[in-house]
Amino acid sequence: MTNAENENTPIYKRKIADINSENISDLKTVEEGWFVEFKSELQESKKTAKSLSAFANAHGGILVIGAVEDNKTRKIDKFKPMDQGKADEVIIKIRQAAEEHLMPCPLFFPKSIKVIDGSDPSENGWIVVVEIPKGNDGPYLHSSGAIYIRKGDASSPIPLNDVGLVEKMWLGKEREKQKFEQRINFLCNQFERKYPRIDLFIKAENKDGQKNVITFDEFRSIAQRPTHEGSEPLFGGFYPLDSSYVARFSKAGLYDINLVWDFDYKRGLHYIQIPIATHLWPSADFEGKCEKNRNLNSLREYLLSNAANDRNSETLIVDLGFSLYVMGTVLHMITSLHGSNESNIKFRANARAASMKNCLVFVDVPGYEEHLKKSTPPFVYRDIDFLSNIDDANDWLALGDQASYSDQINIDVINSLALFVAICNSVGIDKNILMTGGVNNPLEESIIDLAELFSSYHFDNFSVSFNENKRA
């Protein structure tokens, strides 16, 4: 928001980032009411939680701690500031109050602000302002059993016998879930093929509740970057739709591979359809690949010794390694698209392996060969669902951010590995297969093995093939 726009916007409608020491005196110009509540000091936790939930259940607003109200004008008579240590303590207690007494916990943004008034030194110090946006996943239930909403200058409970109002609040949340689920199903159906694939969804949200505006040119610029030096871009076809930007696989004549990235910029929702590499057994192409790959050759030997009666019928083998490479590459594009300050963005992911019914599953890690010595290769007997419920992104897998790791670690690789392991588990590849390398420190070394697998696709230009699953 520009300075001019900020000056013309009531302070209770400004984002917390735009409220500071220079304009804090603007608080004295507004009355306590639907969008503003003044408190001279922090109340006990249940009352604080009541105020937070009332704003979140209604139209949003701000709670000011450290302001004495004039009972006649209902405006601030004077500030009652505290020292900075006390302000920090107040913020901690506000968070604790919300976590202890509200379900679910609404989104809110507390901030300590220094008050400087040369005319009245007694008003110098710190106050706390809390921005509470209108909630998206309410109603927010108080531990007392009541649902509070803001009415005038009060946080009022909805009467339990007011079935219509309570139902309206719940139905609003359910409608949003239904719309979200419909959007996901629409995207999956738009690009559906009988080729084995991963349907991956990434939800990106600012932690401060604000929305970043991303243009089509910015999307295209990121999507058409080469994956590494000397390589061709993953995507080459780009076009905007009603609420999305779309990028497609770049090479002509391979439409059925159908690598697609659809970014719904209104919802911050990324859909990536990732083709899964396949092998047909028996086939000359498969025999040739076995000569170069020890784990694949182990699977071939297993099939020759245990499936003698089935050699006349084709078996489709899905090879998940290529998907890991694409997943990591697109994750890097997505984090780049949302800016370099990823610590302010939270990403959640959901995925499913689709069109894999009646397929053998292969993944090129050391533990796979060991698994074949003890058991049968993983086989998908039925359709696979998403990792989490698709109607609520809050239930999806939370991806890590770079701030949680050393700069020596590529967070996009870590996140793609976490998703890769979850997807493998969903199709019968136990994590013990992925995390067993026959070394002193299996977990650490196997993570390195997976990262090296990622690199092998990245740098060796691994040859992959794609086949329709006729038995899906």
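Author: Helices (H or I, at least four residues) and strands (E, at least two) are here DSSP runs, numbered from the N terminus. The structure is a predicted model, in which local features need pLDDT of at least 70 and side-chain atom pairs count only at pLDDT 80 or more, while totals for chains, interfaces and linings use all residues. Residues are numbered from 1 along each chain as its sequence is written, and side-chain values use heavy atoms, with hydrogens and water left out.

Reader: Why does Asn-469 count as buried?

Author: Buried means under 20% relative accessible area, exposed over 50% and partly exposed in between (1.4 Å probe, protein chains only). Asn-469 has a relative accessibility of 2%, and therefore counts as buried.

Reader: Which residues does Asn-469 touch, not counting residues up to four places away in sequence?

Author: With contact taken as heavy atoms within 4.5 Å, Asn-469 touches Lys-194, Pro-196, Leu-316, Ser-355, Met-356, Lys-357 and Cys-359 under that exclusion. Cys-359 is 110 residues from Asn-469 in sequence, yet the two C-alpha atoms are 8.1 Å apart in space.

Reader: What lies 3.0 Å from a polar atom of the side chain of Asn-469?

Author: That atom is the backbone oxygen of Lys-357, and the side chain of Asn-469 also reaches the backbone nitrogen of Arg-471, at 3.1 Å. A polar contact is a pair of N or O atoms within 3.5 Å, where within protein one must be able to donate a hydrogen and the other to accept it, and where residues adjacent in sequence count only if both atoms are side-chain atoms. A further polar contact, of 3.2 Å, joins the side chains of Lys-203 and Glu-205.

Reader: Why does Lys-203 count as buried?

Author: Lys-203, in strand 11 (residues 197-206), counts as buried because its relative accessibility is 12%. Apart from neighbours within four places in sequence, residues in contact with Lys-203 include Phe-180, Arg-267, Phe-347 and Trp-396.

Reader: What makes helix 2 roughly perpendicular to helix 3?

Author: The axes of helix 2 (residues 45-57) and helix 3 (residues 84-101) are 8 Å apart, and the packing angle is about 80°. Such axes are lines fitted to C-alpha atoms, for helices over the stretch in contact, and angles run from 0 to 180 degrees between N-to-C directions. Angles of 65 to 115 degrees count as roughly perpendicular, under 35 as roughly parallel, over 145 as roughly antiparallel and the rest as oblique. Helix 2 is therefore roughly perpendicular to helix 3. Ser-45, Lys-46, Thr-48, Ala-49 and Leu-52 of helix 2 make the contact with Ile-94, Ala-97, Ala-98, Glu-100 and His-101 of helix 3.

Reader: Why do strand 19 and strand 20 pair?

Author: Two strands pair if DSSP finds at least two bridges between them. Strand 19 and strand 20, which run antiparallel, are joined by two bridges, so they pair. Leu-360 has Phe-379 of strand 20 as its bridge partner. The open sheet concerned has four strands in the order 16-17-19-20, with mixed pairing.

Reader: Which are the edge strands of that sheet?

Author: They are strand 16 and strand 20 (379-380), each of which pairs on one side only. Helix 7 (residues 294-306) lies across strand 16, strand 17 (315-319) and strand 19, running at about 145° to strand 19.

Reader: How many bridges join strand 2 to strand 7?

Author: Five bridges join strand 2 (residues 61-65) to strand 7 (residues 125-132), in an antiparallel arrangement, with Gly-61 opposite Ile-132 of strand 7. Helix 3 packs on the sheet, where it touches strand 2, strand 6 and strand 7, and its direction makes about 25° with that of strand 7.

Reader: What do strand 9 and strand 10 form?

Author: They form a hairpin with two residues between the strands, and Gly-152 in the turn has a positive phi of about 60°. Strand 9 (residues 148-151) and strand 10 (residues 154-157) are antiparallel and share four bridges.

Reader: Why is Arg-74 called partly exposed?

Author: Its relative accessible area is 29%, and Arg-74 is therefore partly exposed. Arg-74, in the loop between strand 3 (67-69) and strand 4 (76-79), has a positive phi of about 65° although it is not a glycine.

Reader: Where is the cis peptide bond whose omega is about 0°?

Author: That bond joins Trp-281 and Pro-282, and Pro-282 lies in the loop between strand 16 (277-281) and helix 6 (284-290). The peptide bond from Met-103 to Pro-104 is cis as well, with omega near -10°.
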